[in-house]
Amino acid sequence: MAPRDGERDGAGGRDVLHRAGDASVLILTSLAGGTKHGYALIKDIRDFAGVQLGPGTLYGALDRLERLGLIEALPAEERRHPYRITPAGAAALRVHLDSIERVSVTGRLRLGLGGI
Amino acid sequence: MRLVQTALRCYPQRWRRRHGEEAAELARLLMRDGTPARSIAWSYLKGATSTRLVLPPGRRLGAAMGALVAAACSLSVSLALVSSSAPASAASVVRLRITDRAGAAGQLRSLLRAHHFGITVTQEPVSPSLVGSIITFGARGPSAGRGNVFSGITGPCAGGARGCVDGIVLPVHFTGAARIVVGRAAGPGERYAAAAGIFRQGEILHCTALLGDSVRQALPVLAALHLKVAWDTGGGPASREHVADRRYYVAGGTARSAASISIRVTANKPAGSTAASRHGQNC
């Protein structure tokens with residue numbers, strides 16, 4: 001899938017995840033810590049973000065990330081497909097985190113909160 | 001489970017071939033953890049609707065059929081949801097707040113005991129502004145069901161910054177296993193388990209006026225502080241010589257320990273990094 005107008009390419013320093021949605025970012029963040037299947041992803045995201053991803057949202061985001069080449073499904077273990085972040089996914093996540101950090105820095109400075 | 005199976009049948013066949021068994025297994029695990037079947041079914045129904053409405057370009061008939069199937073599925077699952085006799089659970093929670101930053105872990109343990117919660121509180125070394133704040137929390141194992149979701153209460157950080165978690169909200173009838181990690185001061189050379197930005201109030205470079213300076217300007221100050229610095233250009237760590245030669249600007253960073261930091265640099269001077277904005281950092 002070609003990036004839409006305004007989207008950015010992780011490998012080239014552009015933010016592919018700009019419009020991908022929070023679920024995609026949470027999933028990539030979780031997979032950055034290691035390979036996981038659906039249930040492990042939901043539990044991990046709940047632990048580190050306090051967000052309860054619905055299973056329908058999870059599979060929608062997994063399909064989208066796989067189409068973008070940002071994650072890949074590994075051979076099934078029993079009935080579960082583990083997923084792994086790809087190098088392109090890691091690059092895209094990094095670009096996106098840098099992007100939101102810039103927004104955070106600017107917002108905090110403009111609010112006079114004095115921290116980044 | 002019947003509700004969930006009905007919702008799963010709303011997905012296209014190709015999706016069910018790929019994910020069907022795993023999705024049913026996932027639903028069983030979530031229900032075992034306490035997530036209501038109706039919530040799982042509703043999530044799958046929304047997913048199925050989205051899946052059916054996202055088709056390759058030129059498949060107008062397919063999209064129209066998808067919309068019809070999705071609508072029919074919505075109706076059947078909605079009817080099933082309406083007929084479900086499961087009672088809605090009352091939301092009753094306990095709010096626990098840390099007021100003694102120096103004794104945060106002990107205070108939290110006392111509060112939890114007073115409410116008869118068997119929840120583990122552990123401590124991890126953190127950067128200065130996170131000392132006495134909650135770093136992570138959550139129910140574990142079979143206790144981690146939807147009805148057992150914890151949430152944090154945001155309050156001030158050590159040193160005066162804002163945005164730390166100094167309290168927790170949890171279900172009053174929670175009886176399972178859970179863990180809360182509280183930040184403690186790090187020992188000499190001890191690596192941080194969590195860290196805030198190095199220019200934040202209470203952190204190592206707060207009010208040093210380095211934010212927005214060129215790396216050339218920053219180097220003598222950092223040397224005087226005896227800090228081990230890793231430079232991060234966004235494309236990966238870079239050498240000190242490389243960064244200095246390119247005249248990068250200091251844009252942020254995190255501490256790895258009291259003596260080791262990573263500084264993020266950019267080729268362009270960060271917007272808003274003026275003396276006036278630093279004045280707003282209560283320097």
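Let's start in chain B: strands β4(B) and β5 (residues 162–171) run antiparallel and are joined by six bridges. Keep in mind that this is a predicted model. From there we'll look at the rest of the sheet, then hop over to a helix in chain A.

**The sheet in chain B**

- One of the bridge pairs to look up is B:P156, whose partner in β5(B) is B:R162.
- The whole sheet is open and has three strands, in the order β1-β5-β4 of chain B, with antiparallel pairing.
- At the edges sit β1 (93–97) and β4 (151–156) of chain B, each pairing on one side only.
- On average, neighbouring strands of this sheet are turned by 35° against each other, ignoring direction.

**Helix α1 in chain A: what's buried**

- Helix α1 covers residues 22–31 of chain A, and its buried residues are A:S24, A:L26, A:I27, A:L28, A:S30 and A:L31.
- Those buried residues of α1(A) pack against helices α2 (38–49), α3 (55–67) and α4 (87–111), plus strands β1 (71–73) and β2 (83–85), again in chain A.

**How α1 meets α3 in chain A**

- The axes of α1(A) and α3(A) come within 9 Å and cross at roughly 75°.
- Angles of 65 to 115 degrees count as roughly perpendicular, so that's how α1(A) sits relative to α3(A).
- On the α1(A) side, the contact is made by A:A23, A:S24, A:I27 and A:L28, while α3(A) brings in A:T57, A:A61, A:L62, A:R64 and A:L65.
- Sort the residues of this contact by type and you get six nonpolar, two polar and one charged.

Conventions
Residues numbered from 1 in each chain as written. Chains lettered and ligands numbered in written order. Predicted model: local features only at pLDDT ≥ 70, side-chain atom pairs only at ≥ 80, totals over all residues. Buried ≥ 20, exposed ≤ 12 C-beta atoms within 10 Å, placed from the backbone. Helix = DSSP H or I, 4+ residues; strand = E, 2+ residues; numbered from the N terminus. Contact = placed C-beta atoms within 7 Å. Pairing = 2+ DSSP bridges. Axes fitted to C-alpha atoms, helices over the stretch in contact; angles between N-to-C directions. Parallel < 35°, antiparallel > 145°, perpendicular 65-115°, else oblique. Nonpolar A, V, L, I, M, F, W, Y, C, P; charged D, E, K, R; others polar.
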